[in-house]
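Welcome, and please have a look at the structure shown here. The report below walks through its main features step by step.

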Amino acid sequence: MGAALVCSGLASSGPEGCENGCPKVEVMMERLLDVNPHLRLTPVPEGITLENVEELVEESDFIVEMLDFSAVREKVALHRAARARGRSVLTSPSVINGAVLYVFSPEGVTFEEFIEYEEGL
């Protein structure tokens, strides 16, 4: 088992040697491995789908998620699957010239509560 690294979209900037337009998943893998080179990461460049979310969460110890908010149904499905299996989700929304990290543990506030999600939106 390891972490599933889930991203969608392109990075606006990346690590040294990566020009604008690099896949975000590659940029984040490099950054995470700079922090801890012993991580076992599973990149998911195709992103989370409603069809693959359960399997990805089952195979992971924790999830690092950077899905765009245009994929809110997938984000909710991912967070629900992780909570059901006792997995934490680390999510970092894109911000300019700063950083934010939200950690959703199985015992804490749900992602749906945090964003005031309502089914069917």
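Predicted model: local features only at pLDDT ≥ 70, side-chain atom pairs only at ≥ 80, totals over all residues.

Helices (H or I, at least four residues) and strands (E, at least two) are DSSP runs, numbered from the N terminus.

Residues are numbered from 1 along each chain as its sequence is written, and side-chain values use heavy atoms, with hydrogens and water left out.

How does the span of α3 compare with what its 13 residues should give? The expected span of a helix is 1.5 Å times one less than its number of residues. For α3 that should be 18 Å, and its end C-alpha atoms are 18 Å apart, which agrees.

Buried means under 20% relative accessible area, exposed means over 50%, and partly exposed is in between (1.4 Å probe, protein chains only). In α3 the buried residues are Glu74, Lys75, Val76, Ala77, Leu78, His79, Ala81 and Ala82. These buried residues pack against α2, β3 (60-66), β4 (88-91), β5 and α4 (111-115), where contact means heavy atoms within 4.5 Å.

A nonpolar core is a set of buried Ala, Val, Leu, Ile, Met, Phe, Trp, Tyr and Cys residues joined through side-chain atoms within 4.5 Å. The largest nonpolar core has 12 residues in all: Val44, Ile48, Val53, Leu56, Val57, Ile63, Leu67, Ala77, Leu78, Ala81, Ala82 and Val89. Both α2 (53-58) and α3 (72-84) supply at least two residues each to this core, and α3 gives the most, with 4 residues. In soluble globular proteins, nonpolar side chains tend to be buried together.

**Salt bridges**

How many salt bridges does the structure hold? There are 5 of them, a salt bridge being a side-chain nitrogen of Lys or Arg within 4 Å of a carboxyl oxygen of Asp or Glu. Here are some of these pairs.

| Pair | Closest N to O |
|---|---|
| Glu54 and Arg85 | 2.5 Å |
| Arg85 and Glu58 | 2.8 Å |

Glu54 forms a salt bridge with Arg85; Glu54 is in helix α2 and Arg85 in the loop between α3 and β4, 31 residues apart. Arg85 also forms a salt bridge with Glu58, and here the partners are 27 residues apart, with Glu58 in helix α2. Partly exposed is the class of Glu54, at 39% relative accessibility, of Arg85, at 28%, and of Glu58, at 42%.

Arg80 lies in helix α3 and Glu112 in helix α4, so the pair ties together parts that are 32 residues apart in sequence. Salt bridges that share partners join Glu54, Glu58 and Arg85 into one network.
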